[in-house]
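Trainee: Could we take a close look at one part of this model together? I would like to follow a single packing contact from its geometry down to its residues.

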Amino acid sequence: MSADLPLEEPPGRLNAPAGPRDPDVYHRTYRRWDVYFAIVFAATFLFVLGGSDPGPGLRAVAAAVFAATAPWYVLVGRPALLAEAEDKPRAVVYLVGLFLLFVVPAALVGEVRVAIFALTPQCFMLLRMRRALIAVTVINVVPVVVWALVERPDAGDLFFNSLFAAVSWAFSLLIGSWIIMVLQQSSERARLIAELEASREEVARLSAAHGALAERERLTREIHDTLAQGFTSLLMLVQAVESELDHDMPLARRHLGLMARTARENLAEARALVAGVGPADLDGSSLPDALRRLAARHGEQTGAPARVEVSGAARPLPAAVEVVALRGCQEALANARRHAGPGAVVTIALGYGEDALRLRVRDTGRGFDPGAPREGYGLSGLRARAGEVGGTARVTAAPGEGTTVELELPVRPPVPATHPSRPTVRTRSAR
């Protein structure tokens, strides 16, 4: 329903807010109206019984007729108020019955008109704006007209009763507008709360899904960069051993030893992965030393030289940056073992800058065409790793000209060590 207040639009009744916050808040809100209506009806009933004019007979009749409004409200009115739409047949039937139960005693006893303060809110709750205004006007005017026709009062009584009707009518419009505003705001607030709850649930669901996807991608990269590469090296060593068993037993034994060491390293990486700690190569070691060990293993497995060049002042860096550099070097060396060909020389250049760590791994192997479609996860995973720390990864290659993998990872510039000035100690010479 519209949140505006044009005469053609419904007043925007308070609907039960959907969502897990409190589905019964709407019914609890109407309990306050129940209390208010009960107080007004009880006060009106007491006014009718306590008056003196007209006689007790007419007052008893008025009180008996007006007393029927209580069960009429409980049995018909309240269910209509709790319905979700205005102008339903139940609401119209209830208001017509309430009007009859009010007009008859109001024409006999003037004090009954106090009940207008309870009838007016119900008109605005049950009817659209235009019909509510008509109903409120009828409720305020008709009792005075009927009273004037029955009693034939003098001009003074007619004036004061008409003045009371006019004031109560104006007050009814004011309180009705306020009720509509409150109900519209409450309805809008309930809708916003329901949307907020739904949005929170959706955000939580998407966050969980995103977290699961990110964790799956992380595990995929870790498995590819550790276990998968280790198993690839084992397969290559197995193939080498099979070709050497018949004619070069010493070399086969050496390769078997490399297989055992690779398996142990793979086991250590698997344990580190399960424990959620950093790479085993960086455990208690610096990044340059870890790269030198990678280069030594590469040379042992391929027989081709791999050297490490370090420039700049080596220093401890954030763990995430060192992990990306280590994994990038592992990926580049693994690709060199698989694709560069025998005898390809590998150079690993590690540069410590003030604001960035730069890693370049170049091999002199076969190279490849960067424009050709390629399968695999390694290079895309490498770019994703670099992007997570705000860095970049670039691969340069050409057929027959080797391959170069470059990483540039931002780091904070080193903070120069400052030493407080030593206080001057003055000694007093002995006399």
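Trainee: At what angle do helix 3 and helix 4 pack, and how far apart are their axes?

Mentor: Happy to walk through that one with you. Please keep in mind that this is a predicted model. Two packed helices are described by the angle between their axes and the distance between the axes. Here, helix 3 spans residues 69-82 and helix 4 spans residues 89-108; they pack at about 160°, and their axes are 9 Å apart. Angles over 145 degrees count as roughly antiparallel, and helix 3 and helix 4 are therefore roughly antiparallel to each other. Their crossing is left-handed.

Now for the residues. On the helix 3 side, the contact is made by Thr69, Trp72, Tyr73, Val76, Gly77, Pro79 and Ala80. Facing them from helix 4 are Arg90, Ala91, Val93, Tyr94, Gly97, Leu98 and Leu101. Sorted by class, this contact has 10 nonpolar, 3 polar and 1 charged residues.

Residues 57-74 are 94% helix and 0% strand in the model, with end C-alpha atoms 27 Å apart.

Of its 431 residues, 39% count as buried. Among contacts between residues at least 6 apart in sequence, 70% join residues at least 24 apart.

Notes. Residues are numbered from 1 along each chain as its sequence is written. This is a predicted model: local features need pLDDT of at least 70, side-chain atom pairs count only at pLDDT 80 or more; totals for chains, interfaces and linings use all residues. Side-chain values use heavy atoms; hydrogens and water are left out. Axes are lines fitted to C-alpha atoms, for helices over the stretch in contact, and angles run from 0 to 180 degrees between N-to-C directions. Helices (H or I, at least four residues) and strands (E, at least two) are DSSP runs, numbered from the N terminus. Angles under 35 degrees count as roughly parallel, over 145 as roughly antiparallel, 65 to 115 as roughly perpendicular and the rest as oblique. A crossing is left-handed if the near helix is turned anticlockwise from the far one by less than a right angle, and right-handed if clockwise. Contact means heavy atoms within 4.5 Å. Ala, Val, Leu, Ile, Met, Phe, Trp, Tyr, Cys and Pro count as nonpolar, Asp, Glu, Lys and Arg as charged, and the others, Gly among them, as polar. Buried means under 20% relative accessible area, exposed over 50%, partly exposed in between (1.4 Å probe, protein chains only).
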